[in-house]
Amino acid sequence: MPEPPLFIEQISSLPPGDVGLAVLGQPIVHSLSPEMHNAALLELSRRESKFSRWKYHKIEIAPEHLAQALPRLAELGFRGLNLTIPHKVDVLSILEDIDPRALVMGAVNTLLWKNGSWKGYNTDGEGLSRAVKIAFGKGLNDFNVLILGAGGAARAAAAQCLAEGCQNLAVLNRSADRAQKMIESLRENGFSKRIELMDRPRNPFPGIKGKSLIINATSLGLQMDDPTPLDLSLFEKSVCIYDMIYNPPMTKLTSQAKEYHMPYSNGLGMLVGQAVRSLEIWTGQKVSEDAMTNAVSSF
Ligand code: NDP
């Protein structure tokens, strides 16, 4: 495989007066973030003309180039960055200033150039929270939650559920030891609620009052021939299903939810929600979801 181009070969300068925003990742070619952010920036520019000079790019950066790319991008005029696979965790060791919420989540997906250095944030949890409210009309605090997975996205979801005061919380992951570590680390970060670690697929909700929500934060479903991460026949029809995967738009999990007439949603709302929050951090402006949603709705 040929070496990916160095970031400097992709963007060597910005037009004078432009403010750069970008998503960094590898691979990055399929990212929908430029479409979402540039649509929202166009809307912002109608309110305040300076935003017509803000442009969002996508830049392929290999993990070994991230540390040198960050100061160089600042020199070039970039003021806000999103990070995606594989940079979200590795960047923690590079940054000096990290928002406490991102520290708890153990991952950073948003960087703001502030007082001469990059400050790290994580907006995935807030994105999930907004998306769940829109999809099911209730906040995370209203739900008994079962999280599938124990990677970066699961951890952001768990920290957000706990921060918002969800009802009961259970976690199921293929590697139980990884889920155990995730739970221990959340406790070390001050969350005292009891979290049930499930060692096998089963229904943790019987006898528990209130609405229930299952969040798929595993990568099972990204490939069309992946099996479902959980058999929904174990659950009541009122249980809500949030699958973080948005490409493909339907997975085996959401297809089964549809078949059983369970409320369900794919992860597009979360993608939009985290993007809205990132743009709010960079611009200091209230950002409307509509422009971003429209930009990806045909997807
Ligand atoms: P990680 O690689 O950090 O975690 C992957 C998780 O999936 C782990 O819990 C892993 O279990 C589990 N998993 C992987 N393969 C299998 C398998 N064959 N069987 C069972 N479990 C498996 O990824 P992320 O946490 O970053 O992302 C997880 C998902 O969330 C992805 O699909 C990603 O696209 C999505 N996502 C969506 C976002 C959105 O905005 N909608 C934002 C962020 C993520 P184990 O620990 O055993 O390896």
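A crossing of two helices is called left-handed if the near helix is turned anticlockwise from the far one by less than a right angle, and right-handed if clockwise. Keep that in mind for later. What you have here is a predicted model, where local features need pLDDT of at least 70, side-chain atom pairs count only at pLDDT 80 or more, and totals for chains, interfaces and linings use all residues. Residues are numbered from 1 along each chain as its sequence is written, and side-chain values use heavy atoms, with hydrogens and water left out.

Contact means heavy atoms within 4.5 Å, and on the α2 side it involves Met36, His37, Ala40, Leu41 and Leu44. Facing them, α9 brings in residues including Leu271, Val272 and Trp282.

Now follow α9 to its other partner, α10 (residues 289–297). This pair packs at about 135°, again with axes 10 Å apart, so α9 and α10 are oblique to each other. Their crossing is right-handed too. Here Leu268, Val272, Ala275, Val276 and Leu279 of α9 meet Glu289, Met292, Thr293 and Val296 of α10.

On to the inside. A nonpolar core is a set of buried Ala, Val, Leu, Ile, Met, Phe, Trp, Tyr and Cys residues joined through side-chain atoms within 4.5 Å; buried means under 20% relative accessible area, exposed over 50%, partly exposed in between (1.4 Å probe, protein chains only). The largest one has 34 residues, and Ile147 and Leu213 are among those with the most contacts inside it. Its largest share, 7 residues, comes from α6. A second, separate core of 25 residues includes Leu21, Ile28, Leu41 and Leu271.

Finally, look at Gln160, which also sits in α6. At 3% relative accessibility, Gln160 counts as buried. Beyond its neighbours within four places in sequence, Gln160 touches Arg101, Met105, Gly125, Glu126, Ser129 and Leu140.

Methods:
Helix = DSSP H or I, 4+ residues; strand = E, 2+ residues; numbered from the N terminus. Axes fitted to C-alpha atoms, helices over the stretch in contact; angles between N-to-C directions. Parallel < 35°, antiparallel > 145°, perpendicular 65-115°, else oblique.
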